[in-house]
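Please read the points below with the sequence and the model open beside them. They go from the whole chain down to single residues.

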Amino acid sequence: MQLLDVGMAEVSSALSRISEIACPPYQTALNLMEQTVHKEDHGGHLPTGLKWLDEALCGGIPFGVLTELVGPPGIGKTQVLILISF
């Protein structure tokens, strides 16, 4: 506090914000399901243009969530991302 010349209120506020980021509140399976339904109603999916992939993803890449493509080298992950980026 002395080095940064800040008061206790600023330190408490910073620690609170850091705690929120580092350890977000828990979510139940019901909450996650309700959020998914809400997102479906208000966003849906981004079609990839690849029928087999869209079917596997139930319509494409869902909006509002982090989606990670994984697989062995050379399987086409980068090409799929390039394709859907246009």
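1. Domain bounds here come from an automatic or database domain assignment. By that assignment, the protein is split into domain 1 (1–39) and domain 2 (41–85). Taken over C-alpha atoms, the centres of domain 1 and domain 2 are 30 Å apart.

2. This is a predicted model, in which local features need pLDDT of at least 70, side-chain atom pairs count only at pLDDT 80 or more, and totals for chains, interfaces and linings use all residues. Residues are numbered from 1 along each chain as its sequence is written, and side-chain values use heavy atoms, with hydrogens and water left out.

3. The pLDDT is the predictor's confidence in each residue, from 0 to 100. Its average over the protein is 82, and 93% of the residues score at least 70. Helices (H or I, at least four residues) and strands (E, at least two) are DSSP runs, numbered from the N terminus. Confidence is highest in helix H1 (residues 8–22), with a mean of 87, and lowest in helix H2 (residues 29–41), with a mean of 72.

4. A pocket is an open set of points on a 1 Å grid over the protein atoms alone, where a 1.4 Å probe fits, with protein on both sides within 12 Å along at least five of seven lines; lining residues have an atom within 4 Å of a point. Grid points are joined across faces, edges and corners, and a volume is the space filled by probe spheres set on the points. The largest pocket holds about 150 Å³ of space. Its lining consists of Trp 52, Leu 53, Leu 69, Val 70, Ile 75, Gly 76, Lys 77 and Val 80. Helix H3 (51–56) and helix H4 (77–85) are the elements that give two or more residues to this lining.

5. Is Thr 48 buried or exposed? Thr 48 is buried (under 20% relative accessible area, with a 1.4 Å probe and protein chains only; exposed is over 50%), because its relative accessibility is 5%. Thr 48 sits in the loop between strand S1 (45–46) and H3. In sequence Thr 48 and Ile 84 are 36 residues apart, yet their C-alpha atoms are 5.5 Å apart in space.

6. Most residues other than glycine have a negative phi. Asp 5, in the segment before H1, has a positive phi of about 55°. Cys 58, in the loop between H3 and strand S2 (61–62), has a positive phi of about 60°. Asp 5 is exposed, at 71% relative accessible area, and Cys 58 is exposed at 64%.
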